[in-house]
Structures are given as C-alpha cells and as structure tokens.
Amino acid sequence: MSETALRWGLSSHVGRVRQVNQDAAMANGLLFAVADGMGGHRGGEVASDIAAGHFRLQQEVTNADELADAVVEANTLIRARAATDPTLSGMGTTLVALARIPSEDDELLLAAVNVGDSRMYRLEDGEFEQVTQDHSLVGELTRAGQLSPREAARHPQRNVVTRALGVDDKVDVDKWTFTGVVGQRYLLCSDGLIDEVTDEEIGAVLRNIDEPGDAAAKLVDMANWSGGRDNTTVLVVDVVDGAECDPAETES
Ligand code: MG
C-alpha cells in the first residue's frame, strides 16, 4: 500500500495598484491557509497576519472542529489586538484553510474551513469546482437565485463580505471533512485572483501545469496581466503518491 502525501506551491503578490499586500498565507505540508485582510491604516495587513500566524502555530489538527476552533481563536486574537490600538479598530480578514488530519487506516483525510470570500476549489478527474461558499453579498444573492454567476463576477459590490474574522466576538465557520485521493488538486486563493481570472482560465492552468509552485505563480501572473487591482494569493496543494513526492516545496 503506497502512502499519500501533499505537495504544494504558494505565490502571493501585491498586484499593480495597491501599495501593500494585505493577504497572508501559510503552508507547512499538513496545514494550508490563505487570509485576505481588510481595514484602514495597517489594519488589513495586521489582521491577516494574526490569522496566518495563529495557523502557523498549530500543532497537529485532528479534525474539522479543531480547525474551526483555530479560526475562532484567531478571531479572538484579532479582536484583542484591535482593542489595544484605535488605528486598528474595525480590521478584519477572511480565512480559508485546508488540513491533513489523522485517519485510522491508509486513507488520507482532509478538513477545510472558510470564513469570507477567499475560496477553495478542487480539481479532480478534469472536473474543476468551488468547494467553499462565498460569504459575500453577491454570493448570497447568487445562491438565492437573484444574480447569475456572470452578474456576480461584475457586480460593483462584489467585494462586500458578510462574514469575516475581527468583526464580532462570535464567528460562524463553515467546515468540511473529506477523503484526499491521489490526483486531486486543491486551490486556495484570495479574491484578487477571482476578480481578474475566470474559473475556466483557472481550471485550464491547473490542468496544464504540473508543478504546484509553477501553477500558483502562473495564476498570480495572470491576475496581474489582467489588471492586478487587488493583492493576489494562490496556494496549490496536490494529493500525490508519497513514494513519488519530492519534498521540495516552492514559495514565491
Ligand atoms: Mg482581496
């Protein structure tokens, strides 16, 4: 029985308009997260940094509930920090995360969580689909049938989120547990990618570029070619046969 492993690549860029990259991300082979900060002054940067930093400190996550608990803790840390500094008041961040969790047998188990409009997608057997739901105004209108996905993509208020860390003492976290299968590819990204590159184009890149770091870098380039109006962060995670796994990961 061969062992499965995760191979990953991460790329993040400030874009062509903004002065500061308020996105933050972390990856360590077991846990992967993308956070997209919001808020004036240094707020967005600080909030996403606190969230990614808290995930970096996590030891083994054993199930989706524990992963969601880490999100709640990050929310508390962001609120506490904002309370000490009026210039950070109102700061917040999205968070989408994927974790390998222990399983009884040889199966590779994964857990995911999401708050906000950063996304996780899955490519499997050529099929590319969004796993997470956007907690955004247009996401809710789309699910209610009041906007088509095409209208949502161009809606002037498409960046208004309805859930984020830092906003309230309580935070609702969506969570999933599923089996990782060799050949699956996961994409975690901030909205800087989604606003500039269509799902069809993203799917094509993920089908055609084998190395996860190269695929992540290509997607960030495409967001910048298309305008780069926001920070873009892309994390590509592949489920691979452990025997074939090159331990080298790429980050740019
Ligand atoms: Mg953004």
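In this predicted model, I78 is in contact (heavy atoms within 4.5 Å) with A47, I50, A51, M91, T93, L165 and G166, its neighbours within four places in sequence being left aside. The residue is found in helix α2, which spans residues 64–84, where helices (H or I, at least four residues) and strands (E, at least two) are DSSP runs numbered from the N terminus. With a relative accessible area of 0%, I78 is buried; the classes are buried under 20% relative accessible area, exposed over 50% and partly exposed in between, computed with a 1.4 Å probe on protein chains only. Between I78 and L110, which are 32 residues apart in sequence, the C-alpha to C-alpha distance is 26 Å. Residues are numbered from 1 along each chain as its sequence is written. Because the model is predicted, local features need pLDDT of at least 70 and side-chain atom pairs count only at pLDDT 80 or more, whereas totals for chains, interfaces and linings use all residues, and side-chain values use heavy atoms, with hydrogens and water left out.

Helix α2 also holds A64, a residue that counts as buried at 8% relative accessibility. When residues up to four places away in sequence are not counted, A64 touches A111, V113, K175, W176 and T177. The C-alpha atoms of A64 and H135 are separated by 19 Å, and the two residues lie 71 residues apart along the chain.

The packing of α2 against helix α1 (residues 43–56) was described by helix axes that come within 9 Å and cross at roughly 140 degrees, the axes being lines fitted to C-alpha atoms over the stretch in contact and the angles running from 0 to 180 degrees between N-to-C directions. The two helices α1 and α2 are therefore oblique to each other, on a scale in which angles under 35 degrees count as roughly parallel, over 145 as roughly antiparallel, 65 to 115 as roughly perpendicular and the rest as oblique. The crossing of α1 and α2 is right-handed; a crossing is left-handed if the near helix is turned anticlockwise from the far one by less than a right angle, and right-handed if clockwise. On the α1 side the meeting residues are V46, A47, I50, A51, H54 and F55, and on the α2 side they are L67, A70, V71, E73, A74, L77, I78 and R81. By residue class, this contact of α1 with α2 divides into 11 nonpolar, one polar and two charged residues, with Ala, Val, Leu, Ile, Met, Phe, Trp, Tyr, Cys and Pro counted as nonpolar, Asp, Glu, Lys and Arg as charged, and the others, Gly among them, as polar.

A further helix pair is formed by α6 (residues 199–208) and α7, whose axes come within 9 Å and cross at roughly 150 degrees. That angle makes α6 roughly antiparallel to α7, and the crossing of α6 and α7 is right-handed. The contact is made by E201, I202, V205 and L206 of α6 together with A215, K218, L219 and M222 of α7; these residues divide into six nonpolar, no polar and two charged.

The magnesium ion is coordinated by the OD atoms of D36, D191 and D230 at 2.1 to 2.2 Å, donors being N, O and S atoms within 2.8 Å of the metal (3.2 Å for Na, K and Ca), and since water is not among the atoms, sites may look incomplete. The donor residues are spaced D-x154-D-x38-D in sequence. D191 lies in helix α5 (residues 191–194) and D230 in the loop between α7 (212–225) and β11 (232–241), so the pair ties together parts that are 39 residues apart in sequence. D191 counts as buried at 6% relative accessibility, and D230 counts as buried at 10%.

The relative accessible area of D125 is 78%, and the residue is exposed. N21, found in the loop between β1 (4–13) and β2 (23–27), is partly exposed, with a relative accessible area of 24%. Leaving aside neighbours within four places in sequence, the contacts of N21 are S12, H13, V14, E45 and N231.
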